[in-house]
Amino acid sequence: MKQEYTITVYTENQIGLLNRIAIIFSRRKINIESLNTSPSEIDSVHRFTIVINEVEEVVKKLCRQIEKQVEVLKAYYNTNDEILWQELALYKVPTDEIAEKVKVERLLRQYGARAVVIRKDYTVFETTGHREETEALIKALEPYGLIEFVRSARVAIIKSSAGFHEKLREFESQQPGEEVIENEFLNKRGEVFTM
Amino acid sequence: MSTLEALEQQIETPVEKSISITGSEAVLKALIAEGVKTVFGYPGGAIMPIYDALYDYEDKLQHILVRHEQGGIHAAQGYARTSGNVGVVFATSGPGATNLVTGLADAQIDSTPIVAITGQVFAHLLGTDAFQEIDVINITTPVTKWNYQVTDATELPAILAKAFYIARSGRPGPVLIDITKNAQLQKFDFTGYEPCHHVRSYRPKPIIRKEYIEEAAQLINEAKKPFVIFGQGVILGRAEAEFKAFIEKGGFPAAWTILGLSALETDHPQNVGMLGMHGNYGPNVLTNECDVLIAIGMRFDDRVTGRLDKYAKQAKVIHLDIDPAEIDKNVKATVPVWGDCKETLPLLTELITKKEHTDWLQRFYSFTEEEQAIVIRKEMHPTVEEMSMAEVIDALNELTKGDAVIVTDVGQHQMVACRYAKFTQSKSNVTSGGLGTMGFALPAAIGAKYGAPERTVVAIIGDGGFQMTLQEMGTIMQFGAAVKILILNNNFLGMVRQWQELFHSKRYSFVDIQSPNFVTIAKGYGIEGQTVHHRDGLKNALKEMLDHDGAYLLEVMVGKENNVFPMVPQGCSVSEIRLQ
């Protein structure tokens with residue numbers, strides 16, 4: 001069954017790597033719903049967060065292809081219930097309209113938003129949350145002449161992750177330890193060997 | 001000691017730890033340090049500083065000037081395949097670099113270790129649509145294992161060390177290094193060349209899991225009908241001896257993919273033939289009957305598996321591969337044995353019981369007999385006047401005794417050559433398997449000859465493919481690679497014609513290809529040759545070709561509308577293979 005998967009990729013910070021990763025999806029005609037690159041908890045290590053709609057079998061193969069790239073340290077994939085995630089959205093609205101017609105305080109409280117800037121001509125609100133939450137505020141602001149809207153890519157934290165420091169140490173050693181080579185078969189042998 | 005001697009000694013003793021050299025020299029020093037003896041290439045504007053430096057290195061590095069960059073990279077591929085070393089190719093920016101793309105794709109899909117070095121415009125001109133500027137890094141990203149653009153000469157020694165390490169380690173592949181002209185010209189303090197042995201984010205070999213070896217051994221020991229299928233992984237892993245010890249102890253029948261060909265000698269009693277679309281009858285049919293399928297260094301290409309949902313469904317699958325991305329990619333593995341087969345095979349051999357499996361092996365032999373009766377004998381000894389491709393290969397076998405390197409192009413002649421050519425040693429079959437690049441054979445054969453100079457190299461090519469890269473006869477003319485060119489001319493683009501006959505109601509759309517007088521063209525390049533029309537003259541002509549001192553072109557006219565059988569039609573299961 002197709003569902004939303006969040007792929008987290010730890011990489012070196014290298015020019016051209018974004019393309020190398022992106023074409024793994026486009027070659028298979030898979031649309032990337034959201035893509036974010038950012039630093040990770042480790043100084044030199046970059047982190048990609050990629051959201052796609054696919055079946056697990058395909059996602060697993062994609063992760064193997066991603067990990068195969070020379071500058072990729074590790075790729076994980078998770079379903080939505082295995083992660084905490086947020087998206088950030090900005091909304092620009094005319095100040096006079098909003099000041100006249102809306103109880104701004106209540107609106108902000110209701111949607112967990114805050115004002116980033118208030119000028120005579122326009123005001124910019126900001127909110128973070130899941131897709132539905134940021135979309136709900138669009139609906140609320142539309143009647144007052146939403147001038148501009150933008151939403152960021154998803155950023156996600158894996159609930160069960162212990163971070164990447166330990167793994168990185170293994171990557172840095174000449175003989176990577178066993179943990180580096182994740183092998184899902186090991187823990188699921190029963191299922192695998194009954195086929 | 002004379003003043004002169006003292007002076008000489010002074011010059012030879014390095015006074016300082018670092019010397020000032022240009023980026024171009026650093027490139028050449030890196031190649032020499034990596035043990036590269038031969039480079040294939042073609043100069044041009046943006047790579048001129050490297051060629052200028054090469055002028056002083058002619059005695060240390062042999063440079064073969066090809067006639068087209070595609071020829072250059074195919075030659076580097078041929079060199080890599082017969083020598084087992086990394087093949088190196090030089091090309092200039094823009095069209096020089098784009099001409100490499102087909103070869104890079106070919107090397108990527110066939111796991112051939114290549115380092116391609118391209119010149120690039122000055123760094124300040126990047127992105128300005130300068131003369132012969134092209135975004136070679138992004139163009140080649142999908143077809144390289146790794147690529148990198150150097151704009152500063154100080155990076156060059158470390159980057160080239162990394163390039164060679166990545167190209168040859170793990171599952172080999174092509175690496176492209178794009179060097180801007182300013183970096184080639186830039187002088188910097190060179191402190192020496194350090195080979196690379198570790199890249200933090202790159203794991204060439206997965207850790208071997210003993211549990212899987214044990215699991216696999218248990219499955220094998222319980223198996224009644226175990227069947228080994230092997231690919232180029234055995235050759236790339238230099239594990240031919242380990243492989244043979246494994247199959248001999250277990251008594252397994254073993255069949256090969258076309259890139260695995262020559263890893264096991266043809267006459268080995270357990271070598272049961274070729275897999276896949278035009279493979280042998282037994283291995284295809286019995287794939288769907290074996291109880292344990294042991295896949296070694298192969299990737300279950302669609303030309304091998306036929307219809308996947310009907311492929312070896314009854315069997316437990318043990319998959320040995322160095323590339324974790326190959327496990328479960330096409331065929332689900334019951335036991336995944338990740339690792340270099342040079343290491344995993346001996347571990348497995350130790351745990352398996354010595355067995356014969358005589359009856360099971362006999363099943364393969366009886367399929368062979370059937371194939372002999374219906375296909376092979378007819379192909380080898382045709383009753384019609386027209387010659388068959390198979391009888392040409394058979395005659396060649398008799399003369400070479402299976403000791404030659406056989407380089408093939410793509411199409412009917414390739415399938416026939418792979419089916420019938422005999423091999424006594426590994427690294428003897430060079431062909432474009434994954435990409436199916438017509439025009440591969442002639443340049444690859446030139447490279448193959450430099451990779452294995454003491455061996456006879458025969459390039460078997462169709463009349464279509466030969467016309468794609470025949471300009472490389474110019475390379476032979478100039479540098480003298482003694483390549484034996486054997487053109488099997490059926491006056492058709494034979495493989496497409498065969499499909500049009502079988503699946504498109506004989507609508508022969510643009511497969512009727514005219515050829516020039518190949519022998520005359522060869523003569524123009526100073527290459528001796530002849531055409532054979534009748535089988536009476538075949539053996540003598542082949543002998544003359546092989547005995548000739550230097551390159552030779554032999555064109556053999558073969559039957560126009562012969563088909564390659566057996567055949568697994570597209571969309572069919574391997575066990576639905578047709579004998580006629």
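**Exercise 1. Find which residue just after α2(B) takes a positive phi, and state which residues of that helix are buried.**

Step 1. Just after α2(B), the residue with a positive phi is G35(B), at about 80°. Helices (H or I, at least four residues) and strands (E, at least two) are DSSP runs, numbered from the N terminus.

Step 2. Helix α2 of chain B covers residues 23–33, and its buried residues are G23(B), S24(B), A26(B), V27(B), L28(B), A30(B) and L31(B). Buried means under 20% relative accessible area, exposed over 50%, and partly exposed in between (1.4 Å probe, protein chains only).

A note on the model: it is predicted, so local features need pLDDT of at least 70 and side-chain atom pairs count only at pLDDT 80 or more, while totals for chains, interfaces and linings use all residues. Residues are numbered from 1 along each chain as its sequence is written, chains are lettered from A and ligands numbered from 1 in the order in which they are written, and side-chain values use heavy atoms, with hydrogens and water left out.

**Exercise 2. Describe the interface of domain 2 of chain B and domain 3 of chain B.**

Step 1. The domain assignment, which is automatic or from a database, divides chain B into domain 1 (16–190), domain 2 (210–363) and domain 3 (387–559). The contact (heavy atoms within 4.5 Å) takes 18 residues from domain 2 of chain B and 19 residues from domain 3 of chain B.

Step 2. Taken over C-alpha atoms, the centres of domain 2 of chain B and domain 3 of chain B are separated by 31 Å.

Step 3. Between them these two domains of chain B bury about 1,500 Å², with 59% of it on carbon and sulfur atoms; buried area is the accessible area (1.4 Å probe) that two parts lose on being put together, summed over both. Of the area that domain 2 of chain B buries against domain 3 of chain B, 36% is supplied by I258(B), S262(B) and H278(B), more than by any other three residues.

Step 4. The rule finds one salt bridge across this interface of domain 2 and domain 3 of chain B, a salt bridge being a side-chain nitrogen of Lys or Arg within 4 Å of a carboxyl oxygen of Asp or Glu. D267(B) forms a salt bridge with K422(B), and their closest N and O atoms are 4.0 Å apart.

**Exercise 3. Work out how chain B and chain A meet.**

Step 1. Chain B gives 38 residues to the contact and chain A gives 36 residues.

Step 2. The two chains, B and A, bury about 3,500 Å² between them, of which 51% is on carbon and sulfur atoms. In chain B, the residues that lose the most area to chain A are R200(B), R203(B) and R209(B), together 24% of what that side buries.

Step 3. Five salt bridges are found by the rule across the interface of chain B and chain A. E67(A) forms a salt bridge with R203(B), with the closest N and O atoms 3.6 Å apart.
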